[in-house]
Amino acid sequence: MKYDQPDHHWDNNFPSDVSEDNAMTHMGYFFAWALSRDLVSDFHREEADSAEPLEQVAKRQMSPRDYVIQFCDSQLTNEDFTETGNSFVAHYYIDQYFNDFCKRFEGQFDTIYHVDDHWENADKMAPLLDKRFEEWKTRRDSKPWWKFW
């Protein structure tokens, strides 16, 4: 299942003064966060061509956007995440992540597609992603009010 791909963004008044790669910056930030929380599937670690670059992302020696472009075919799918990761993506990423990304960088760049692909900006998303993940886990793990035993 595809969660996100650049043509969803290219068709949405994409600015002509930035690289089309910028349509994947937000995907890279999410992927880097998921990697740091052990929510990325073993597929990436086990594939010979992607294991070393994945380690480079983990060490911040490679841009997460570049990794998504080169080793995720410029998209995020269910193959990229663990079972828990996919559950969270289905709950949060599809309906809310891009809106949170836009709000986080609102007014700082000409458009959301002008957000620089830098680790400093990825770090600005991490606390919010941690918060959303904890909220999701709490809701997932809580019993309905009528199941009090």
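Mentor: Start with arginine 60, which is placed in the loop between helix H4 (48–58) and H5. Before we go on, know that this is a predicted model: local features need pLDDT of at least 70, side-chain atom pairs count only at pLDDT 80 or more, and totals for chains, interfaces and linings use all residues. Residues are numbered from 1 along each chain as its sequence is written, and side-chain values use heavy atoms, with hydrogens and water left out. Helices (H or I, at least four residues) and strands (E, at least two) are DSSP runs, numbered from the N terminus.

Look at the backbone of arginine 60. Its phi is positive, about 65°, although arginine 60 is not a glycine. Its relative accessibility is 42%, so arginine 60 counts as partly exposed. Here are the cut-offs: buried is under 20% relative accessible area, exposed is over 50%, and partly exposed is in between (1.4 Å probe, protein chains only).

Now go to another loop, the one between H2 and helix H3 (42–46), where you find aspartate 38. Aspartate 38 also has a positive phi, about 60°, and is not a glycine. With a relative accessible area of 53%, aspartate 38 is exposed.

Aspartate 38 has a partner. Arginine 45 forms a salt bridge with aspartate 38, and the closest N and O atoms are 3.4 Å apart. The term needs a side-chain nitrogen of Lys or Arg within 4 Å of a carboxyl oxygen of Asp or Glu. Side chains of opposite charge can pair when their charged atoms come close. Arginine 45 has a relative accessible area of 34%, so it is partly exposed. Follow the contacts one step on. Asp38, Asp42 and Arg45 are linked in a network of salt bridges.

How many salt bridges does the structure hold? It holds eight. One of them joins arginine 65 to aspartate 117, with the closest N and O atoms 3.4 Å apart. This pair links distant parts of the chain. Arginine 65 is in helix H5 (residues 64–71), while aspartate 117 is in the loop between H6 and helix H7 (119–141), 52 residues apart. Are these two side chains buried or exposed? Both arginine 65 and aspartate 117 are buried.

Next, move along into helix H7. There glutamate 135 and arginine 132 meet in a salt bridge, at 3.6 Å from N to O. Both lie in helix H7, three residues apart, which is about one turn of the helix. Glutamate 135 is at 28% relative accessibility, so it counts as partly exposed. Arginine 132 is at 17%, so it counts as buried.

Leave the charges and turn to the rings. A pair of aromatic rings is described by the distance of the centres and the angle of the planes. Rings of Phe, Tyr and Trp (its six-membered ring) pair if their centres lie within 6.5 Å; planes under 30 degrees apart count as stacked, over 60 as edge-to-face and the rest as tilted. By this rule there are 25 aromatic pairs. Take phenylalanine 30 and tryptophan 33: the ring centres are 5.6 Å apart and the planes stand at 45°, so the pair is tilted. Where do they sit in the chain? They are three residues apart in helix H2 (residues 25–36), so about one helical turn separates phenylalanine 30 from tryptophan 33. Phenylalanine 30 counts as buried, because its relative accessibility is 1%. Tryptophan 33 counts as buried at 4%.

A second pair has another geometry. Tyrosine 92 and tyrosine 97 are edge-to-face, 6.1 Å centre to centre, with 70° between the planes. Tyrosine 92 is buried, with a relative accessible area of 1%. Tyrosine 97 is buried too, at 0%.

End with asparagine 99, which lies in helix H6. At 45% relative accessibility, asparagine 99 counts as partly exposed. Now compare asparagine 99 with alanine 51: they are 48 residues apart in sequence, and 31 Å apart in space, C-alpha to C-alpha.

Go back once to where we began. Arginine 60 and its positive phi of about 65° sit in the loop between H4 and H5.
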